[in-house]
Amino acid sequence: AVGHHRDYDGWNLPGWETATLRPLFATALERMRVRTYTRSEAGPFHDRCLDAAVSAGWPVDTTTFASDLCDLDAGDNYGLEPVNVFEGIRWNTAFAYLDPVRATGSLRIVDHTLVDRVTGGDGTEPVTVHAIRHGQPLTISADRVVLAAGVYGTPAILQRSGIGPADTLRSLGIAPTVE
């Protein structure tokens, strides 16, 4: 799901407008091999859900039976959700983004690591990741770091790094670096 254009445009944040995001979402959906189930792929559970939606008066596209969770301009409707299953395998971010660069030497994957915070990265110095691996401190420096610790972990790491609402950070004893 990509959200709705009114959400992004309503944020009034440079670089987060729908016009800027639309091609990025299209690329991500293509890389992740996102598609919509066809009606013939619907199982009995899906069939009953679609029938219930029609009975409840929900808008359902009876031609494709597809929802439009990946359409930035979509209206309300109900249907089969988009999936990223390719040749019977759920396509994941490792297949889409890591596998193509795994052997290039530009990627380092460190397992069993708990990230505490990131520092630097202001353009004059590399980003440094401060972490714990097997009970020992670990620092990794790089020109670019992708922080993907999930919906709860990512904001926590950013806040411990001094990135977030300044008043909240100060109340936690963290010096704000980026509000």
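T128 is buried, with a relative accessible area of 15%, where buried means under 20% relative accessible area, exposed means over 50%, and partly exposed lies in between, using a 1.4 Å probe and protein chains only. Before I go on, please keep in mind that this is a predicted model, in which local features need pLDDT of at least 70 and side-chain atom pairs count only at pLDDT 80 or more, while totals for chains, interfaces and linings use all residues. Residues are numbered from 1 along each chain as its sequence is written, and side-chain values use heavy atoms, with hydrogens and water left out.

Let me stay with T128 for a moment. T128 sits in strand β6; here helices (H or I, at least four residues) and strands (E, at least two) are DSSP runs, numbered from the N terminus. What does the side chain of T128 make a polar contact with? Its partner is the side chain of S141, at 3.1 Å, and by a polar contact I mean a pair of N or O atoms within 3.5 Å, where within protein one must be able to donate a hydrogen and the other to accept it, and where residues adjacent in sequence count only if both atoms are side-chain atoms. If we do not count residues up to four places away in sequence, T128 touches R117, V118, T119, T139, I140 and S141, contact being defined as heavy atoms within 4.5 Å.

Now to the sheet itself. It is an open sheet of three strands in the order β5-β6-β7, with antiparallel pairing, and two strands are said to pair if DSSP finds at least two bridges between them. The edges are taken by β5 (113–120) and β7 (136–142), each of which has a single partner strand, so one side of each is left without a neighbour in the sheet. From one strand to the next the twist averages 25°; for such angles, axes are lines fitted to C-alpha atoms, for helices over the stretch in contact, and angles run from 0 to 180 degrees between N-to-C directions.

How many bridges join β6 to β7? There are seven, and β6, which covers residues 127–133, runs antiparallel to β7.

Most residues other than glycine have a negative phi, and most peptide bonds are trans.

G120 lies in strand β5 and counts as partly exposed at 42% relative accessibility. G120 and T177 are 57 residues apart in sequence, yet their C-alpha atoms are 9.8 Å apart in space. S161, in the loop between α5 (150–160) and α6 (166–171), touches R117, V118 and T177, not counting residues up to four places away in sequence. Is S161 buried or exposed? At 10% relative accessibility, S161 counts as buried, and the side chain of S161 reaches the backbone oxygen of I157 at 2.7 Å.

Finally, the chain as a whole. The chain has six helices and seven strands, and from the N terminus on the elements run α-α-β-α-β-β-β-α-β-β-β-α-α. The radius of gyration of the chain is 21 Å, well over the 16 Å that the globule rule gives for 179 residues, so the chain is more spread out than a compact globule; this radius is taken over C-alpha atoms, and the globule rule is 2.2 Å times the number of residues to the power 0.38. Along its principal axes the C-alpha trace spans about 55 × 40 × 30 Å, and buried residues make up 21% of the 179 residues.
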